[in-house]
Amino acid sequence: MPTAIAPRYGTAPTNIPWLRNNSQNRFELSVSVQMNKAVTSISSPSHPIGLTLGCHQRELTGEYDPSKAFVYLGDSAMLDKDIVIVISAQGMDTPRCSVERWLKSDGAEETTDAYALTLVPKFELPALPSQEYIFLVDRSGSMAGSRIKAVRAALQILLRSLPSRGTSFNIVSFGSNYTSLWPTSQAYSAESMEQASKHVDGFDANYGGTELRSAIEFAFNSRQDVKGGSTDKNDKMPTSVFVLTDGEAWDLDGIIASINQNCGNAKKDGSLLRTFTLGVGNQVSTAMCEGIARAGKGTAVFVAEGEKPDAKLMGLLKAARGGVIDDLAVDWVDSEQAKDDDDDFEVIPSSKAGDYPESNASSPPPQSQPPLSLFDESHVDTPAETGARKAIVLLDPPPKVQQAPKSDKLPIPLYPGFRCSIFAIVKRGSNPGPHSANVKITGKVMGRDVVLQIPVSPVSVHPGLVEGKVEGGRLLHTLAAKALVQVFEDLPKTPENKAEIERLGKRYSLATSATSFVAIDEETKDEIERKESQVVEPEEERFMKGGMDELGKRPRQRPSASGMVTGFDPASIATGYNPSAATARFNLSAMTTGLNPNSHAYGQIRAAPEPRPISLHSADAKPRSKGRSGSTLSSGGLSGTRSISPTASFSGPPPPPQAPAAPPPAAPGGMAQRPQHVARMRYTDTRSDDPYARAVSTIQYTSSYSNTGYLDSPPVPLYTPPTSISQQTLSVESIARAQKFDGSFPSDDGHLWLIAGADGLSRARDIPPALVRLAGGGIGAQAATKKLIWATVLTIVCLQKKFGAEKDSWEMLAEKAREYIEKELTELGLDESLVTQTVNRLETTASALF
């Protein structure tokens, strides 16, 4: 919910007096939540929130309902940043469709059914065989600090996640001006990836203002399809443009118009051009980011200040790699319902702007008129009307089915893992029967049919929640009308489109570009002055000075330098959920650093002997949704005990801290002892490129695997990592930086030390029998390749074991690494039918190291 407007680059469309300083104004907000199933978590990464579970009011009254909740902000909320509230419920990603009827007898202009269809698609789109990727990175002054730092880290992961084959890419930086890494996109190779990685490391927010329009037009015009000039549709290469920005610019209409024009031209030429947006910051322009994505038939995601953007950026990349669903259509009305309603409608001739109903009627022939006098003393001059006049537009009645977003000309953006909502308002006859029992979605992906049928259920919102807040108390009609308004807002600003917006705004009481509300302040001047004289100390100042907490009636704690409250007792803040208690309230300090999005998984479409329709919602796939995360109140059924942490949970008390496991006894020299014979020898390691690994040392060497088929490799001395490695922190970014262009990871001691640690280094060097036996076995039989395969397997398992919560960030890195492993195993002579089984065995063996 946007509440703040950050400074924008360029000229504002109008004078906005309240733009000067609005950050100190207070803001009150309450949210009544009603889901189809039990609420499992409610969080806010932006603000402290209070929460009442089981009802729609601040105090728990009536019977407890797990699908309901009431959320409110504290009195310290200021208009300094947007408000983000994240709500999760059981089965939230399951496709569902709700319907709401508005009868003419209840105040509607005509009887209609409003449908709201929402789903998070779970299917694997066939990957495009080739594609061009262009990354537009906002380096204006507003991206300074943590924003540009987070973007740098995310781009390093993204560069290594691009497909190895059929890929070209380029990076464009923009601010007051724009620059590009190359004049046109270059083929993705080890050399180009390394050059781009060094280029990204030098990024800083030093490009001045935010002049996005010229940069995005340069990106469109630099596409290979444009530069190549080929007219053969088979030679066309799809292009995805990624815009990473805070959107702080005024030129919204110009940018959207440019994207619409270029994407439309590309479609006419038989090419595919899409735009995807990552919005960064607490005051990001959602209108700009979502508008860019809508115009380019992509999708937009947002990250708050301090939130890591890599997972959501990887989600955009995964969406862009797949094909587009063509000819997408939604059947809202079944055949029986359509037949019943058709009898009540009559065809009305189309009218155009300026036409009047009586213009089509026959008129009597003109009669003769008396002559005019050139000097009429009785004539009175009337002032002529000057200035712009509102165009008179007579609109046709709305069509039987109004849908948003529209799918008659361009595909609705539908990508796996990204929530999609489609609304429709359907006219009904004078004696309407029941609503449709199901809605059906159909389309094609790269020539293959896709289909999904969803049951329809009536909406069940308590009338008291919407009475007086939406027109006629009809919630779905209002939401559907709002979506329809956005369709016309995105179209050219013609009198007809403006008239459509005005009609929807008036009919459903919506604020639009053509309609406004008029607020009347009935307070007298004396009443206003009296209220302004009653100054209340802001909540933040009372918090910093100490004082009593409204829940626990205890002295408030001062925040530490990191922003967290120190020395507090979770039990004194959260009361814990208890169905018999009057209210379960929580007052959490929002955490905006190190936020991890929910991990997700994708379903896959299994190959069939014959092409068959793809389900848009695979039952075999795991749930996946995109959202923001932060301070969370969550539950699996909302039961358990109290806890307060960056993710405060109802799921039960935290386990007691475990004592660290005792390390295995170390042999002289620091290597773990093994229950085998020990041989003392001198050995100079000449296998590694690392000079530190070539030192001569007397060590304890254990031939643990000499009789089990492992490589017979000579003993390796103690490894002392160079400073460049020893000072690295193991993270997804540091692992991504080590990945090579082909998807492999290095097998040198430096990388193994980073992922396995000093204690696990010696075991990480040992290559298991499943690899040794390939290509004739022995150290000389493709030894370098086997070492790379094993190091890559170890890295994949390291990501799984140590960064499981960040799977969205490294999922595509691991996918690329597995492709490398499978390709190399096949080239080593392994039968293709055994490749997957061998990879699984290798990962199981590697799991013992972590």
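Colleague: Hi! Of the contacts in the protein chain with a separation of 6 or more, what percentage comes from residues 24 or more positions apart?

Modeller: This is a predicted model, in which local features need pLDDT of at least 70, side-chain atom pairs count only at pLDDT 80 or more, and totals for chains, interfaces and linings use all residues. Residues are numbered from 1 along each chain as its sequence is written, and side-chain values use heavy atoms, with hydrogens and water left out. A contact means heavy atoms within 4.5 Å. Among contacts with a separation of 6 or more, the share from residues 24 or more positions apart is 73%.

Colleague: How many helices and strands are there in the protein chain?

Modeller: Both are DSSP runs numbered from the N terminus, with helices being H or I of at least four residues and strands E of at least two. On that basis the protein chain has 21 helices and 24 strands.

Colleague: And what percentage of the residues in the protein chain is buried?

Modeller: Buried means under 20% relative accessible area, exposed means over 50%, and partly exposed lies in between (1.4 Å probe, protein chains only). Of the 850 residues in the protein chain, the buried ones make up 46%.

Colleague: Are α17 and α19 roughly parallel or roughly perpendicular?

Modeller: Axes are lines fitted to C-alpha atoms, for helices over the stretch in contact, and angles run from 0 to 180 degrees between N-to-C directions. Angles under 35 degrees count as roughly parallel, over 145 as roughly antiparallel, 65 to 115 as roughly perpendicular and the rest as oblique. The axes of helix α17 (residues 749-765) and α19 come within 11 Å and cross at roughly 105°. That makes the two helices roughly perpendicular.

Colleague: How many nonpolar, polar and charged residues are in the contact of α17 with α19?

Modeller: His-751, Leu-752, Ile-755 and Ala-764 of α17 make the contact with Trp-790, Ala-791, Leu-794, Thr-795, Cys-798 and Lys-802 of α19. Ala, Val, Leu, Ile, Met, Phe, Trp, Tyr, Cys and Pro count as nonpolar, Asp, Glu, Lys and Arg as charged, and the others, Gly among them, as polar. The tally is 7 nonpolar, 2 polar and 1 charged.

Colleague: Why do α5 and α6 count as roughly parallel, and at what angle do they pack?

Modeller: Helix α5 (residues 252-268) and helix α6 (residues 286-295) have axes 9 Å apart. The two are roughly parallel because angles under 35 degrees count that way. Their packing angle is about 15°.

Colleague: Which residues of α6 meet α5?

Modeller: From α5 come Leu-252, Ile-255, Ile-256, Ile-259, Asn-260 and Cys-263. By class, this contact has 9 nonpolar, 2 polar and no charged residues. On the α6 side are Ala-287, Met-288, Gly-291, Ile-292 and Ala-295.

Colleague: How many charged residues are in the contact of α3 with α5?

Modeller: Helix α3 (residues 212-221) packs with α5 at an angle of about 10°, with axes 9 Å apart. In α3, Leu-212, Arg-213, Ile-216, Glu-217, Phe-220 and Asn-221 meet α5 residues including Gly-254 and Ile-255. Besides 5 nonpolar and 4 polar residues, the number of charged ones is 2.

Colleague: Is Leu-155 buried or exposed?

Modeller: Leu-155 lies in helix α1 (residues 146-159). Not counting residues up to four places away in sequence, Leu-155 touches Val-137, Val-200, Phe-203 and Leu-244. At 1% relative accessibility, Leu-155 counts as buried.
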